Every structure is written in C-alpha cells, then in structure tokens.
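Please look at the sequence and the model below.

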Amino acid sequence: MDIRALGYLRLETTTLDEWRRYALDVLGMVEASGTTEDTLCLRLDDRAYRLVIQAGESDRLLAAGWEVANAAELVRATAELEAAGVTVKAADDGELAERRVRGLIHLTDPCGNPLEIYWGQAQDHTALGTPYGNRFVTGDDLGLGHVVLPVPDIEAALDFYENLLGFQLRDSMKLPPQAVPTAAEQRDFHWMHFLSPNRRHHSLGLYPGALPPGIVHFMVELETLDDVGRGLDRMHAAGIPIASSLGRHTNDRMVSFYAQAPGGFQVEYGWDGLVVDPATWVAKEITADSFWGHQWNG
C-alpha cells in the first residue's frame with residue numbers, strides 16, 4: 001500500500017470557542033474556508049485545511065486522514081484492506097464535498113482508532129498570512145506532522161500499520177509500567193513504536209495503552225526555533241499549562257515543547273525534525289526520550 005503522508009486530523013470538541021483561541025491566537029494557525037459556527041477549519045499551508053475541529057458532545061479524535069497519490073492507489077488500498085478482512089466504507093458525495101477530496105474510504109485500525117484514506121485534496125492558493133509570520137513545515141512530502149494514537153493491543157497495531165498499510169518502523173522505546181497505566185495487561189515494560197510512510201522520521205506514534213480522547217498528542221513543526229520560542233511565550237501569556245518543557249528528542253531530534261490542548265490531550269510544537277532516507281534507514285531501540293529537557297509536569 002502506498003500511503004504518502006498524514007494529510008489531516010479531524011477532532012470533536014465540547015469547547016469550540018476555546019479551540020478557536022488556542023489554534024488561531026496561540027498556535028498561529030489560519031482560519032480556512034469551510035469554517036462555520038459549529039466547525040473550525042484550519043490552514044497551515046497551501047492545502048484547503050489540515051485540521052478540522054467540530055463542536056460536539058465529547059472530546060475525541062474523529063479521524064486521522066492518510067493520503068494516497070491518486071484514484072488508482074485508493075482502489076488498490078481498498079482491495080488490500082478488504083482482502084485482509086478490514087471493513088471499509090466508501091465516502092458519500094456529501095462527505096467528499098465537506099472534506100474537499102476526490103475520493104475517500106473510512107476504516108478503523110485493530111484498536112478502533114478511526115482512519116480515513118483519501119486522494120485529491122483541494123488547495124488554497126491565497127497567501128497564508130499567519131498571524132505572527134510563523135511558517136509550518138508540511139508539504140506533499142512530509143504531511144501535516146505526526147499523531148500519536150492509543151493502541152492497547154500494541155502487537156496487532158504494529159502489524160496493521162507496518163505490514164498492511166506499509167509504514168516503515170523507524171524506532172521503538174521501552175516504557176515502564178507506570179507510564180502506561182491503561183495497558184491491556186501489565187508487564188515489566190511496554191513497547192512504544194514510531195513509524196512513517198515518508199521521509200519524516202515519524203508520522204505516527206503508537207502508545208501501548210488506552211486514552212479516552214483517542215489521541216495522545218499531535219505535532220506541528222515550525223520553520224525556525226524562534227517560531228517555537230515565541231509560541232512558548234504565547235502559551236505562558238495565555239495561561240495554558242505546559243505539559244513538557246522545551247527539549248530535544250533522541251529519535252527525531254525535534255526541539256519542542258508540549259502544551260495541553262482543549263480536550264484532554266497535548267500538542268507538540270517543534271522545530272528541526274529529522275528527515276531520513278527510507279532506503280537506508282535501520283530501525284533501532286532508543287533508550288531515552290530526550291537528550292535534554294522535556295521535563296514532564298505530571
């Protein structure tokens with residue numbers, strides 16, 4: 001299967017006004033066409049949107065959208081999924097129009113996480129005009145950034161993403177039992193895995209436990225360290241709790257911090273993420289989360 005990138009995320013929220021302030025005034029994203037009283041669409045680049053946040057009765061992930069190149073690749077993906085026994089549902093015309101894509105299928109991973117595979121997303125050719133002059137690192141090649149999903153059955157999830165969806169395992173890390181209180185069964189340690197379908201070190205993280213919102217965090221990457229620093233200042237000024245201090249990760253070399261987002265999960269705001277050559281990459285075990293920093297607050 002030839003999935004290219006994490007294209008978008010769709011979220012449901014009980015606090016849409018809070019998300020408007022958070023995304024526009026603090027993260028420095030741009031309101032996109034399609035925004036209504038009940039739906040916030042957000043641009044980071046020349047795509048019509050990268051994030052959609054809908055008002056609802058819960059705080060949860062509605063879908064992680066994974067992009068394929070064209071209609072033929074979507075047909076191929078559908079056939080491979082169905083042959084593997086995965087239930088696939090084609091989007092109707094209304095869903096295609098809402099998502100501004102040419103083709104799309106719905107499915108879930110083995111742990112019930114909602115996914116969409118699509119092709120042909122519309123572009124917005126107007127100037128982005130971010131509020132602070134900040135620029136995000138995305139593009140057709142690297143995609144939105146990365147998302148970490150909760151997967152209590154870590155072995156089944158790894159098999160699904162690596163061997164069926166075709167993601168490349170980049171590295172893994174052992175987590176102590178206290179870091180995974182919602183694991184399906186307690187062990188001496190639990191594996192967490194990082195994978196990607198493209199040159200971004202990881203577009204997907206698999207956390208071996210349950211989490212009610214259905215998402216652990218998502219990451220957006222900025223072009224400069226100053227963009228990240230100014231974002232951190234805005235977080236402090238807005239009184240938003242910092243979940244993890246500024247630091248540099250060992251696996252993707254990202255300099256980042258984590259902030260609480262509305263809804264019980266976090267956003268990672270980072271710079272200088274590792275871009276790899278998939279043809280020569282060798283999967284490894286990392287034994288520390290960060291070279292420095294990333295002090296977690298609880």
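## A covered arginine

In this predicted model, a polar atom in the side chain of R200 lies 3.3 Å from the backbone oxygen of G143. The R200 side chain also makes a polar contact, at 2.7 Å, with the side chain of E221.

R200 is found in the loop between β11 and β12 (204-207). Is R200 buried or exposed? Its relative accessible area is 3%, and buried means under 20%, so R200 counts as buried. Leaving aside residues up to four places away in sequence, R200 touches several others, including V137, T138, L142, R170, M219 and L274. G143 and E221, the partners named above, are also among the residues that R200 touches.

## The largest pocket

How much space lies in the largest pocket? The value is about 790 Å³. Its lining has 35 residues, and A179, Y207, V216, Q266 and W296 lie nearest the centre. Among the elements that give two or more residues to this lining are β9 (146-150), β10 (168-175), β11 (190-196) and β14 (242-249).

By class, the lining of the largest pocket has 17 nonpolar residues, 14 polar ones and four charged ones.

Strand β5 covers residues 60-68, and eight of its nine residues are buried.

β5 runs antiparallel to strand β1 (residues 3-13), with eight bridges joining the two. In this pairing, L61 of β5 is the bridge partner of L11. β5 is also joined to strand β8 (residues 114-119), by four bridges, and these two run parallel. Here W66 stands opposite I117 in β8.

Conventions:
Residues are numbered from 1 along each chain as its sequence is written. This is a predicted model: local features need pLDDT of at least 70, side-chain atom pairs count only at pLDDT 80 or more; totals for chains, interfaces and linings use all residues. Side-chain values use heavy atoms; hydrogens and water are left out. Buried means under 20% relative accessible area, exposed over 50%, partly exposed in between (1.4 Å probe, protein chains only). Two strands pair if DSSP finds at least two bridges between them. On a 1 Å grid over the protein atoms alone, a cavity is a set of points where a 1.4 Å probe fits but cannot get out, and a pocket is an open set with protein on both sides within 12 Å along at least five of seven lines; lining residues have an atom within 4 Å of a point. Grid points are joined across faces, edges and corners, and a volume is the space filled by probe spheres set on the points. Ala, Val, Leu, Ile, Met, Phe, Trp, Tyr, Cys and Pro count as nonpolar, Asp, Glu, Lys and Arg as charged, and the others, Gly among them, as polar. A polar contact is a pair of N or O atoms within 3.5 Å; within protein, one must be able to donate a hydrogen and the other to accept it, and residues adjacent in sequence count only if both atoms are side-chain atoms. Contact means heavy atoms within 4.5 Å.
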